[in-house]
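Biologist: I am new to this structure and would like to go through it with you, one question at a time. Could you show it first?

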Amino acid sequence: MTSSTPIQENSKAKCSNQLNLKHLNHLDGWMRKVMEFLYHPIDPSSLGITRILYGFLMIVDTTQERGMEKIPYKYKDPEACFFPLFNILTPLSADWMHVVYLSMIIAAFCICIGFCYRFVTIWLAVCYWYVFLLDKTTWNNHSYLFGLFALFFSFTKANRWCSVDGKLDQSIRNTHIPRWHLALFQFQIFLVYFYAGIKKLDPDWITGNSMVSLEAHWVFSLFHYVLTPEQVNLYIVHYGGFAFDLMEGFLLFFDITRPIGLLLGFYFHFSNACMFTIGIFPYAMLATLPIFCRPDWPKRLLVKTPQRWQRHFIIDAPKNYSSSDCIAVNSAKLGIRRFTKKNKFTLFALSCYIAIQLFLPFSHNVTKGYTGWDDHGLYGYSWDMMVHTWATQHVKITVVDLSNGRQFHLKPSVCYKYADRWNSHPDMIKQYATCIGRRVKKLGVKQPAVYFDIWKSMNRRFKQRTVDPSVDVLAAPWSPFTKTPWMMPLLKDFTWWRSKMVELDEKLLNDSITLSTNYVADFPGFTLENFVPEVYRVNLTVLQGTVRISVGQKGHNIDANQTAILPNNRTHEVRVVSKEPASYYYLFSNITMEKMIDQELNKINSTEETAKNGTTTYLKSIKKKLTPIYRFIYLKGLLYYHIGNNTINALSNILRNCNCDQNLLPTNKP
């Protein structure tokens with residue numbers, strides 16, 4: 001063995017210290033570059049425009065998509081069922097919920113004009129997240145995004161341009177803001193696009209089975225000249241949507257490709273506004289497109305307007321480094337000359353936020369108790385927009401009193417009728433069972449057990465049950481971090497039948513409006529109970545496996561490719577008796593509709609209707625085209641009338657109760 005001399009040990013220690021010092025200097029230089037990027041001063045006008053548009057859109061969102069018109073009915077009964085993220089969250093009374101919503105509208109208006117900015121942004125964020133977390137049935141990606149924006153505005157200084165605060169306090173008017181204030185919004189919008197593209201790598205999207213019947217919409221009319229409807233669905237709707245989401249963030253990020261990104265973004269979001277009823281989301285995304293432009297783009301645009309308009313806005317550049325929270329270069333008075341603990345904490349907080357946002361869309365691998373029966377991502381913040389199309393066949397709720405064996409059925413909407421999303425996720429099914437159990441106990445059911453039989457189809461697959469109907473969900477286990485055992489798996493082995501189902505429909509229906517099909521798949525040993533109305537003639541044909549059909553006491557087995565005629569106005573049962581899952585379809589023929597069509601055909605043959613006056617016919621056509629516009633204006637006016645009337649009544653009730661409480665206070669008589 002060899003031993004080191006003291007001189008060698010000192011030399012090694014000296015070299016080690018030099019390497020560590022060099023590493024620390026390199027790390028300090030890297031962090032300083034990041035901090036200089038985040039705190040670089042930029043023009044406040046771009047963020048100011050975003051603030052104005054966000055405030056205006058949140059007024060519309062609060063009154064419509066947040067369901068303000070439903071408050072008198074939704075929160076009327078304190079014993080009603082709700083689906084909060086945390087069970088400790090409970091709704092206020094209907095009157096006070098009106099106050100919460102009204103305060104959100106006032107806060108959104110103040111954000112729009114930039115008045116009392118810091119207070120109203122925090123208040124809007126608190127109220128919005130309270131309403132959002134209170135009801136998971138209303139969760140979707142864009143509602144979550146609006147909540148994130150509310151948090152962003154509460155931490156940034158978006159009132160530095162075109163705001164009432166700037167008028168009242170000249171020291172903040174048209175001053176620089178740190179770059180991270182705008183970069184935070186840019187990161188979030190980029191992530192929305194990019195992750196939406198990643199989620200569209202789902203096999204159902206790539207094969208063109210996620211979106212149904214969109215190819216016939218007029219927004220794709222130009223493509224119909226060169227492509228078939230099937231090609232429009234696959235290449236434009238699915239492949240085009242995937243490519244747009246994946247690339248849009250990059251197109252907007254770079255100056256050379258930004259005009260293409262703005263053009264494609266405008267077409268994409270305008271098309272979404274025309275095709276889907278998704279609230280203000282398309283308009284909010286349109287409003288965020290210019291975020292990626294230069295920070296002073298509003299001023300550059302205003303400079304080109306007439307002189308009489310320019311005097312109403314600030315179009316001058318901010319004074320050099322006119323903010324104390326930006327990096328100071330060549331400035332002796334204002335700006336950051338040395339990064340403080342506050343600046344480093346901001347960097348740490350931003351890093352944590354970025355890490356959380358990168359993780360959340362894939363967190364369903366951890367929070368397995370919240371995932372749907374199809375084992376896909378969390379609802380609300382997974383950015384898997386439009387990847388899944390759902391169709392519900394029926395929902396059956398059975399309550400059994402275990403103390404005496406009494407059994408009765410409930411309507412699915414008996415305790416909650418404002419949304420049906422609860423029946424797609426195990427956490428909300430469990431919450432609904434708990435609420436039903438609590439309510440039926442008050443009706444005399446001593447020991448309730450609650451069973452669900454829910455049938456759904458995802459992306460044009462067979463309709464199948466999603467919950468084990470033999471499990472008492474009220475007593476069944478549920479955990480946020482483990483897979484729910486009483487949720488049935490997706491029958492993926494039947495996915496290949498989708499193309500065959502399309503061929504069968506073309507063969508069986510032949511564009512007839514009196515015929516319809518219903519494709520069903522079920523697990524071995526399970527039974528489907530179904531009732532055939534009197535107006536239908538129904539056949540059942542087995543595609544795969546073996547089933548036993550029972551009507552009353554009689555029953556017989558049917559194998560693949562065999563057909564059975566089912567009696568109408570009777571209940572029948574279909575039980576899978578094969579060892580593997582079975583699939584079959586119903587063919588319905590509407591007898592009443594057939595008779596009506598025959599009568600109409602006879603009328604057409606016996607009478608000949610012609611237009612006597614061409615001008616009158618033209619005016620009628622114009623009126624027909626304008627009718628949807630009149631209807632839209634009328635319904636929106638009626639909506640806001642009811643919202644205003646209900647809010648005034650709620651405030652009157654609160655004031656009346658306050659006066660009553662004051663009258664009940666003891667008074668000292670002289």
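**The chain as a whole**

Modeller: The accessible surface of the chain comes to about 37500 Å², with 61% of that belonging to carbon and sulfur atoms; such areas come from the Shrake-Rupley method with a 1.4 Å probe, and for residues only the protein chains shown count as cover. This is a predicted model, in which local features need pLDDT of at least 70 and side-chain atom pairs count only at pLDDT 80 or more, while totals for chains, interfaces and linings use all residues. Residues are numbered from 1 along each chain as its sequence is written, and side-chain values use heavy atoms, with hydrogens and water left out.

Biologist: How many helices and strands are there in the chain?

Modeller: Helices (H or I, at least four residues) and strands (E, at least two) are taken as DSSP runs and numbered from the N terminus. On that basis the chain has 19 helices and 14 strands.

Biologist: What share of residues 234–254 is helix?

Modeller: The unreviewed UniProt entry annotates residues 234–254 among its "transmembrane region" spans, which also include residues 180–198; such annotations may be inferred rather than shown by experiment. The end C-alpha atoms of residues 180–198 lie 26 Å apart, and that span is 100% helix and 0% strand. For residues 234–254 the end C-alpha atoms are 29 Å apart, with 0% strand, and the helix share is 95%.

Biologist: Which residue in β13 is the bridge partner of R548?

Modeller: Strand β10 (residues 547–551) pairs antiparallel with strand β11 (residues 554–558) over five bridges, where pairing requires that DSSP finds at least two bridges between the strands. Four bridges also join β10 to strand β13 (residues 570–576), again in the antiparallel sense. In β13, the partner of R548 is R575.

Biologist: Which residue takes a positive phi in the hairpin of β10 and β11?

Modeller: Within β11, G555 stands opposite S550. The hairpin of β10 and β11 has two residues between the strands, and the residue with a positive phi, near 70°, is G552.
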